[in-house]
Amino acid sequence: MKFKILPFFLIIFFCIIFYIFYKGLLNSNIYVPKNNTEIDIPIFNAKVFNSNNELNSEKIFKDDKFYIMNIWSSWCVPCKSEHPFLMGLSNQENIEIIGLNYKDNKKNAKKFLKELGNPYKIILLDKHGTISIDWGAYGVPESFLIYNKKIIKKITGPIDKDLLIEIKKITK
Amino acid sequence: MKFLNYFILILFLTNLNSLRAQDEDLQIKITKNLRCLVCQGQSIYDSDSEFANSLKIVVKQKLADGKNEKEIYDFLKKKYGEWILFNPEFNKNTYFLWLLPILMFIIGGAIIFRLFIIKNK
């Protein structure tokens, strides 16, 4: 009797291991950070585009108003596809769009805005990409919908039609 | 006496060097334990993506600000989740992961003990 317990135990053990690995095989191995919402926005200082002044983030984001913090760059191709949607949102009265120019060349950025329009109320510079890390971003474009100094929605990648509708629904 | 002075000077200089090297070593150690989220599977230390280069600067700045290793990990965990660390921490989600090798070692040892040592007796 004693000798029959061991093989039985081993078979069950390997079945469990097989199940775990089989399950793991089907999982997507591309990780996307959890969309941590309802977290406070970071406080930072940044240089303003087209001027030499530094601006503190506390002076930008006020209560009782919606803000979209959009990380963009002229070298980023998906930024071009989301630009018309940002232009559309910039007409909405209760939203202010703040741009964060990510590791960009000033000349190219100016050209980009001249060609496609400027939806941003303020553009801040992130020359080394360190401010984006403060925001928990890891690429361009990324957008954050902000209300009362809290991030209520995080969008990784370009804004598209569906996301635009969702943003309009939230900000109504 | 002169010899002693030189000796102290050399000691001082070598210590200074090692202090800087320590900071650099720690920076390398930290960036090797951080996962690049853009080129997944590579560490921040190995990667040359925009994100990795920025993160290297952030780690350097934080170390210069006097933050220790754990504080830097906590900061990044808050921003990106625990996945950014290569070394999973010991918590209720990872008990099984960390304890499984020990458990297997004990069970394996017990099997060997039963099969060989008791049998031989």
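**View 1. The two domains of chain B stand apart.** The C-alpha centres of domain 1 of chain B and domain 2 of chain B lie 37 Å apart, in what is a predicted model. Domain 1 covers 2–87 and domain 2 covers 90–121, with bounds that come from an automatic or database domain assignment. Residues are numbered from 1 along each chain as its sequence is written, while chains are lettered from A, and ligands numbered from 1, in the order in which they are written. Local features need pLDDT of at least 70 and side-chain atom pairs count only at pLDDT 80 or more, whereas totals for chains, interfaces and linings use all residues.

**View 2. The overall form of chain B.** Chain B holds four helices and zero strands, and along the sequence these give the pattern α-α-α-α; helices (H or I, at least four residues) and strands (E, at least two) are DSSP runs, numbered from the N terminus. The C-alpha trace of chain B spans about 70 × 50 × 25 Å along its principal axes. Of the 121 residues of chain B, 17% count as buried, that is, with 20 or more other C-beta atoms, placed from the backbone, within 10 Å of their own.

**View 3. The contact between chain B and chain A.** Each chain brings 13 residues to this contact, two residues being in contact if their C-beta atoms, placed from the backbone, lie within 7 Å. On the side of chain B that touches chain A, α2 (50–64) and α3 (69–80) each supply at least two residues, and the largest share, six residues, comes from α2(B). The residues of this side of chain B divide into eight nonpolar, three polar and two charged; Ala, Val, Leu, Ile, Met, Phe, Trp, Tyr, Cys and Pro count as nonpolar, Asp, Glu, Lys and Arg as charged, and the others, Gly among them, as polar.

**View 4. The open sheet of chain A.** Eight strands form an open sheet with mixed pairing, in the order β1-β8-β7-β4-β5-β6-β2-β3, where two strands pair if DSSP finds at least two bridges between them. Because β1 (39–40) and β3 (54–56) of chain A stand at the edges with a single partner strand each, one side of each is left without a neighbour in the sheet. Strands β7 (residues 142–147) and β8 (residues 150–156) of chain A pair in the antiparallel sense over six bridges, and Glu142(A) stands opposite Thr156(A) in β8(A).

How values were computed: A residue is buried if 20 or more other C-beta atoms lie within 10 Å of its own, exposed if 12 or fewer, and partly exposed in between; C-beta atoms are placed from the backbone.
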